[in-house]
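Visitor: Hi, I'm new to this one. Could you walk me through it?

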Amino acid sequence: MENMEKIKDLIDNKKYTLLRQELSELNEADIATLLEELPEEELIKIFRILPKSIAADVFSYLPIETEQMIIAALTDREAANIINNLMADDATDLLEEMPANVVKKLLANANSETRRDINHLLRYPEDSAGSIMTVEFVDLKENLTVEQAITRIRKTGVDKETINICYVLDGQRRLLGTVSLRYLLLSDADAKIGDIMNENVISIKTLMDQEEVAMVFQKYDFTSMPVVDNENRLVGIITVDDVVDIMREEATEDIEKMAAIVPSDKPYMKTGVFETWKKRIPWLLLLMISATVTGGIILYYEEALGAYVVLTAFIPMLMDTGGNAGGQASVTVIRALSLQEIDFGDILAIIWKEARVAVLCGITLAAANFAKLMIFDRVSLSIAFVVCATLVMAVFFAKLVGCTLPMLAKKIGFDPAVMASPFITTIVDALSLMIYFQIATHVLDL
């Protein structure tokens, strides 16, 4: 990157005045990206020379581990300056990850307003709307004129998360309506806020789960939404940049659960070997033990396999096909559940749909496999029939298991993602083997 080479050249030549000027012309997110590529010692040095007006914004774009490292290297005064200039929700996210003694020191050096806002946010449960909201918003009274409202925005808006939407409150801070900055600029200067505000306000409760918050944003396409308590008092707002982070976190968590990994909140390269081992081994042990069921089935039909050794060659294909078919159904259903497109009341309709899909898939796979068995493998007609009949049945039951287990998990309060590939594959493998040997036993007179 050209900028990176120029920055490094300025650092090497200790041209800090030019470096400061060069950095000031870049976007804060780009500066954060540049800093991440520097060694720790240089990163701290360059961060210190950033203009105070942009240092806090750059800080908010850095990974939490880098933020912690910077805070630890700064003086109390420098750290307090960063905390005071961060948006309250970003400051709260940082403090939640810091050691208690460091948090205590930072809060002691923060100004009273910042300290109040952070303590306010820390009261709410983790992953709730209250924990991710910001308290930097513009509020207006309904008796203000448009001209007075614009004057207030000019005075207070500089430190707010957003000024695009302003919130109209009564004397008890109950939310009465909203008004957009665009509408204010286009309205008559003497018009009353109460007369032009939008009273049809969609809000979020403080204890709503963050995943549900993301769903609400997706439904209404808002860039920000108010967060209210049980008495409809405005306590904060959530902006779309926070929702993007939520959606990424939730998607990562679901992917890890579907891969039988205990979810982690750290990036892959930031997670140590021992920590990675701890998150993977519990599921591997559980699935290894559960997989002994398939071994027991094979041992039970050992005599049949001895009579028709050729049957052994098709076991991996049947198990893999069944597992893949079940995985397709489960992933589709889990995604639909997470998007709230379906619920448990739709289970019969889903089973009926997946059953028809399973029949079509099973027959297609069986026809293709029958041609292969007869032309290339040259097995007997009876063996081909056993394998193809098993394919149809295995795909059918795999689809049913794949679509019903996630819905049952959701119904009884478990995360549907946990019921994805790990458990479903184990169950489908056992079913496929039992179906295979039962059909073989009856057709081949074993």
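**A first look around**

Guide: Let's start with A329, which lies in helix α19 (helices are DSSP runs of H or I, at least four residues, numbered from the N terminus). This is a predicted model, where local features need pLDDT of at least 70 and side-chain atom pairs count only at pLDDT 80 or more, while totals for chains, interfaces and linings use all residues. Residues are numbered from 1 along each chain as its sequence is written, and side-chain values use heavy atoms, with hydrogens and water left out.

Visitor: Is A329 buried or exposed?

Guide: A329 counts as buried, at 2% relative accessibility. Buried means under 20% relative accessible area, exposed over 50%, and partly exposed in between, using a 1.4 Å probe and protein chains only.

Visitor: What is A329 in contact with, leaving aside its neighbours within four places in sequence?

Guide: E354, K399, G402 and C403, where contact means heavy atoms within 4.5 Å. K399 is 70 residues away along the chain, yet the C-alpha atoms of A329 and K399 are separated by 5.6 Å.

Visitor: OK, new topic. Which residues touch the most other members in the largest nonpolar core?

Guide: L35, F47 and L50, out of 39 residues in that core. A nonpolar core is a set of buried Ala, Val, Leu, Ile, Met, Phe, Trp, Tyr and Cys residues joined through side-chain atoms within 4.5 Å. Another core lies apart from it, with 26 residues, among them F314 and I435.

Visitor: And what does L50 contact, beyond four places in sequence?

Guide: L50 is in contact with R20, L23, I31, L35, A55 and V58.

Visitor: How many aromatic pairs are there?

Guide: The structure holds 8. One of them, Y300 with Y301, is edge-to-face, at 5.0 Å centre to centre and 80° between the planes. Rings of Phe, Tyr and Trp (its six-membered ring) pair if their centres lie within 6.5 Å; planes under 30 degrees apart count as stacked, over 60 as edge-to-face and the rest as tilted.

Visitor: Which of those two is buried, and which is exposed?

Guide: Y301 is buried, with a relative accessible area of 13%, whereas Y300 is exposed at 68%. Y300 and Y301 also form one aromatic cluster with Y436 and F437.

Visitor: Where does the charged end of R123 sit?

Guide: Over the ring of Y124, 5.6 Å from its centre. That wording applies if NZ of Lys or CZ of Arg is within 6 Å of the ring centre and within 35 degrees of the ring normal.

Conventions: Helices (H or I, at least four residues) and strands (E, at least two) are DSSP runs, numbered from the N terminus.
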